[in-house]
Amino acid sequence: MSVFAQQTPDSSMTDFTVEQVRFRSAGVILEGTLFKPNHIDVALVLVHGSGQETRMNDFASLLAKNGVAVLTYDKRGVGKSGGVYAGPEVGTNNIDAANLDLLALDASAATNELFLHLKNKQVQFGLMGCSQAAWIIPLAAGKNPKVKFITLFSGPVVTTLEQLRFQFYTQGNTKFWETHTEAEVREHIKNDPDKYQFSPTDPMEVLGKLMIPGLWIFGGRDIQAPVGLSIERINVLKAKGKPYQYELFPELGHNTAFSTSREPVDLAIHWIKSVGSSIKTKSAAN
C-alpha cells in the first residue's frame, strides 16, 4: 500500500497553481490534478502502490513547494478514473503481469499529459512511486522516452513471485527481524512453493535495458519488500554500468516516504533536482 496521504490540494498556496486534468489511457479516461510551481526545476508523475488509491495530493503539494511540477491521478477504476480496478481487496491478484503492464500504460499516458501542460519542454520528466510502483515504473519508463529518471521508495527489485514468498513469510509481523536473519529470508525466498501460478514480472529485465538515473530508498526493517536481495540486484546492475543508486535507512520499515524522519523525502527531492539539472546541462552541451 502507498504511504502517501490523500488530501484535498490547498489552492490558496501562492508558490504553485493547481489544475484538474483528464486524459485517456488504454481505452479509459483517467482524472488527476496537476501541481505547477511558479518556478519549475523538474517534473514528475506519481505512480501508485497497491490498493485502491486516489490522487496523492498531499505529497504532490510538498513536492510542488520544492519546485517540482507534479501530476497525480486517481488509479484506474478508483475515484473519478474510469476502468476496472484490480487489487487484493476485491480478490484479484494485482501483480499479474497484464495488470502491471496496464498500470504502466497509465503512468506513461500521465507523463505525456504532464508534458503537454508545461511550456518549458527542457524540464526533465521522471516517475516517482512506492512499493508496487517498483514494477510499474520501469515498465512505463521503457515505454516512454520522455521519462529521464525514476525514484522508488521501498521498491522491490525482485520478481513478483519472490515478493509474495517474502510477504507470506513475514505475515505482517513488525518484530519479524528480531527473530529472523537475512540468510533465512534468502533461503525461504529461493525455495518456498508459490501459492499463485502466474508468470512473474522481473524488474531486472527492463532495468537492464534502461540507461536513465534511478534512486531506490529502502528501510532496513521492511517486512513487505526483501531489501537485502533488492540491494544485491541493484549492485549487479550498477556493476554493468547502470546509473542506479540506493540509500538504506537501517531503522525504517516499509514506509520510508512518510516515517517520523523527513530525511528520506528530503533526500529524494535533492536527488531528483540534482539529476534534472545534470541531465539538462548534458543535453545543452550536446
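Trainee: Why is lysine 273 called partly exposed?

Mentor: Its relative accessible area is 29%. Buried means under 20%, exposed over 50%, and partly exposed lies in between (1.4 Å probe, protein chains only). So lysine 273 counts as partly exposed. This is a predicted model, where local features need pLDDT of at least 70, side-chain atom pairs count only at pLDDT 80 or more, and totals for chains, interfaces and linings use all residues. Residues are numbered from 1 along each chain as its sequence is written, and side-chain values use heavy atoms, with hydrogens and water left out.

Trainee: What makes aspartate 41 and lysine 273 a salt bridge?

Mentor: A salt bridge needs a side-chain nitrogen of Lys or Arg within 4 Å of a carboxyl oxygen of Asp or Glu. Here the N to O distance is 3.3 Å, so the pair qualifies. The structure holds 11 salt bridges.

Trainee: How do you know whether arginine 165 is buried or exposed?

Mentor: Arginine 165 has a relative accessible area of 15%. That falls under the 20% limit, so arginine 165 is buried. Its salt-bridge partner is aspartate 194, with the closest N and O atoms 2.6 Å apart.

Trainee: Why is histidine 254 called buried?

Mentor: The relative accessible area of histidine 254 is 6%, so the residue is buried.
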